[in-house]
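The exercises below concern the domains, the ligand shell and a sheet of one structure.

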Amino acid sequence: MARLTIKGISKSFGSSHAVRDVSLDVEDGELVCLLGPSGSGKSTLLRMIGGFEAPTAGSILIDAKDVTSLPPEKRPTGMVFQSHALWTHMDVFNNIAFGLKLRRLPKAEIRERVEQALALVGLADYGKRMTTQLSGGQQQRVALARSLVLEPKILLLDEPFASLDQHLRERLREEVRDIQQRLGITTLFVTHGQDEALALADRIVVMRDGSTEQIGPPDRIYREPETEFVAGFIGSMNFIRTTVKAGLSEHAAFALPVPVADGDVVLAVRPEALSIATAKGAGAGVVHRSIDFGTHKVVDVDLADATRVKVMTSSDSNWTKSMQVDLTATAFRVFRDNRLVHEFATTQSRQNDRVFGHA
Ligand SMILES: Nc1ncnc2c1ncn2[C@@H]1O[C@H](COP(=O)(O)OP(=O)(O)OP(=O)(O)O)[C@@H](O)[C@H]1O
């Protein structure tokens, strides 16, 4: 267990700024996900923490000790890469034992620790297998065991399951979460999958163009996005472009009070924050289709300005193509130039949160 402090760290490759002035505190035993689109600087940030890349500016402290200029092997960190790079000429046992042998630990201790690590990742009987005889998921488990056996204070995972199929990825990330909690090991996990971040993280760092866009626990990131980018990056979101005049949105379907300065804004509304009702006469929109997910339905509604919005409704409601409907937003956030300028929520939206499990 260890505490990680990142202070104003940047990395440039020539004229390209991969990471820009990132500061972050990670608590003892915390699991933090670095989430962002391709090229946002997640891997570069992780590699700097692991010592595989030298920062252009800033410093990295582990338990208050400055490690910025230490090589990877001198840092109390363990890194698992996307491509696991196991040694194909060694069996599983020796792959995991390798780092311990370098440290010249006694044979008996090596055996014990490797066996513990294998048990931890669910591969107790696989020590004698060659790594080429393992499935992709098993290989990633070996890569994880190879890091864990060195008992790092901080575990760094760079999209470790990206090459695996969805089902296996979900299983492995739950296993990682279990192991991480059992060992209480401080962990940074890079992913570009929002589901993965929501499922795993104590806190999510949303990155964009090398900078941190928002840092917070998953429910905060989901419910209170501070920028339009974050609002669109995590979960399903409807964006409605409108113009505000005298405190009112001029959008035909969303003529709402929006107490901000006149001008163009974007209303961001979650599908579960919209309620739908049959219109008396011509409605605000027309049902395009309805998809039944068993637990709930998602109805696509086309508005007059050709915006298509998604509405989450209960599974016992019935919406068919071409029905005229009215929509009410029970919660929305208003953005201008990516920044939050107004937020609105009714008590109704909190009830919906309970119904749909977003509390
Ligand atoms: N060794 C390098 N030399 C030059 N540019 C680099 C190098 N490594 C990364 N970059 C650039 O830095 C930026 C950030 O890259 P990085 O790999 O950190 O992003 P990422 O968020 O991890 O992306 P991905 O999800 O695709 O892995 C990108 O524009 C990338 O092209």
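Domain bounds are those of an automatic or database domain assignment. The model is predicted: local features require pLDDT of at least 70 and side-chain atom pairs count only at pLDDT 80 or more, while totals for chains, interfaces and linings use all residues. Residues are numbered from 1 along each chain as its sequence is written.

**Exercise 1.** State how the chain is divided into domains.

Solution. Domain 1 covers 4-223 and domain 2 covers 238-356. Their centres, taken over C-alpha atoms, are separated by 40 Å.

**Exercise 2.** Describe the residues around the ligand.

Solution. A residue counts as near a molecule if its C-beta atom, placed from the backbone, lies within 6 Å of it. The residues around the ligand include Phe13, Ser16, Lys42 and His192. Next, assign elements, where helices (H or I, at least four residues) and strands (E, at least two) are DSSP runs numbered from the N terminus. β2 (16-26) and α1 (42-50) each supply at least two shell residues, and α1 gives the largest share, 3 residues. Finally, the shell divides into 2 nonpolar, 9 polar and 1 charged, with Gly counted as polar and Lys as charged.

**Exercise 3.** Determine the strand order of the open sheet.

Solution. Two strands pair if DSSP finds at least two bridges between them. The 5 strands follow the order β14-β18-β15-β16-β17, with antiparallel pairing. β14 (274-278) and β17 (308-314) are the edge strands, each pairing on one side only. Between β16 (residues 296-303) and β17 there are 7 bridges, and Asp300 stands opposite Lys310 in β17.
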